[in-house]
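Hi! Have it open while you read, and go through the points in order.

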Amino acid sequence: MSDPVRVTPEGWEGRAPDGWEWVTLWDAVETGDHIYADERVQQAIDADIDPRNILDDGLFPGFNLQAERFSAQIIFIPEMLITARAMKAGLALIRPLLAAMAVKPAGTFVMGTVLGDMHDIGQSIVTIMLENAGFNVINLGTDVHPDKFIETAIEEKADLVGFSALLSTTVYYQKVTIEEFQKAGHRDKVHILIGGAPTTPAWVEECGADGWGKDAVEAVNLALKLVKEPREAWA
Ligand code: B12
């Protein structure tokens, strides 16, 4: 396969101040320079660029390029990991800004990547967008055991729980975790959302979840809809 090319976000100039450039950040994420990524995202914040544009125009182009190369086995785990680290350096700066833009608590959402799965970029972005929509999100990170999801949902009296999975081998744990909620007698106290590249609307039915989000925008819309729907009360 030929080496993928970087896709430049259309119209980015109109979403940045005059004279701004993103190419150094695109390169930094691509090469995994998390120190420069951190500096440049801070400069973009100081220049009053909307955090959502920093994410889409500044961070994604370099990340997506490396993701395509990883899928095509042109680069391997070490290169992909350093790119993910640079991406996460930028996300860490954007997250509090988007959370601060939220108007009111919309509900409590417990999010995590299922057992055996270390992928967390997608669920971190969903977390950031949920926080921006006013949800209080408790993010349990990656490789989360079903018991940990249940324990946290009880502690936090969660309204919604979200399971991310990126591997065709780990989507199975979305189903297992839902079954564990059922066995513990808490299934009807939470709305359960699933997501991650290998998941599909058909899998929602099969694994017993309440909804599926293709991306962070769908995840937020679904969460805002489901949080208003009736469910059993926590004791
Ligand atoms: C980055 C990456 C890694 C990084 C992860 C770093 C990190 N901190 O996350 C590293 C290098 C560690 C890695 C490791 C591995 N990876 Co990997 N990885 C990827 C890669 C390139 C990008 C994933 C990503 O971050 N996408 C970007 C985000 C924004 O998208 P997303 O996760 O889909 O999330 C969006 C939606 O799905 C949705 N969403 C996500 N979660 C949720 C949750 C809810 C509740 C909702 C509603 C919505 C939602 O919203 C998100 C935002 O829009 C993909 C290939 C690709 N191009 O996607 C392979 C890929 C997922 N990896 C793959 C593989 C095979 C592996 C390894 C097994 C490789 C190996 N030989 O060891 C290991 C597994 C490690 C483990 N146990 O988890 C395969 C999986 C194939 C399969 N079908 O099973 C893929 C598809 C690559 C490929 N084509 O071969 N990987």
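1. At what angle do helix H5 and helix H9 pack, and how far apart are their axes? Before the answer, two bits of housekeeping. This is a predicted model, so local features need pLDDT of at least 70 and side-chain atom pairs count only at pLDDT 80 or more, while totals for chains, interfaces and linings use all residues. Residues are numbered from 1 along each chain as its sequence is written.

2. Now the answer: H5 (residues 121–132) and H9 (residues 216–226) pack at about 45°, with axes 9 Å apart. Helices (H or I, at least four residues) and strands (E, at least two) are DSSP runs, numbered from the N terminus. Axes are lines fitted to C-alpha atoms, for helices over the stretch in contact, and angles run from 0 to 180 degrees between N-to-C directions. The two helices, H5 and H9, are therefore oblique to each other. As for that word, angles under 35 degrees count as roughly parallel, over 145 as roughly antiparallel, 65 to 115 as roughly perpendicular and the rest as oblique.

3. Who touches whom here? From H5, Ile125, Val126, Met129 and Leu130 meet Ala216, Ala219, Val220 and Ala223 of H9; two residues are in contact if their C-beta atoms, placed from the backbone, lie within 7 Å. Sorted by class, this contact of H5 with H9 has 8 nonpolar residues, no polar and no charged ones. For the classes, Ala, Val, Leu, Ile, Met, Phe, Trp, Tyr, Cys and Pro count as nonpolar, Asp, Glu, Lys and Arg as charged, and the others, Gly among them, as polar.

4. Look at H5 from its H4 side next. H4 and H5 pack at about 10°, axes 9 Å apart, and are therefore roughly parallel to each other. Among the H4 residues that meet H5 are Lys88, Leu91 and Arg95, and the H5 residues they face include Ser124, Ile128 and Glu131. The contact of H4 with H5 divides into 8 nonpolar, 2 polar and 3 charged residues.

5. Then there's the pair H1 (residues 23–31) and H3, whose axes come within 7 Å and cross at roughly 40°. That makes H1 oblique to H3. Trp26 and Val29 are among the H1 residues in this contact, and Pro61 and Phe63 are among those from H3. By class, the contact of H1 with H3 has 8 nonpolar, 3 polar and 2 charged residues.

6. Zoom out to the domains. The protein is divided into domain 1 (12–100) and domain 2 (108–226), with bounds from an automatic or database domain assignment. Their centres, taken over C-alpha atoms, are separated by 25 Å. In all, 8 residues of domain 1 are in contact with 5 of domain 2.

7. Finally, the ligand. Where does it lie relative to domain 1 and domain 2? Both domains give residues to the shell around the ligand, so it lies between them. Of the 33 residues around it, Gly122, Gly162, Ser164, Gly195 and Gly213 come nearest (near means a C-beta atom, placed from the backbone, within 6 Å). H5 gives the most to this shell, with 5 residues. The shell divides into 19 nonpolar, 11 polar and 3 charged residues.
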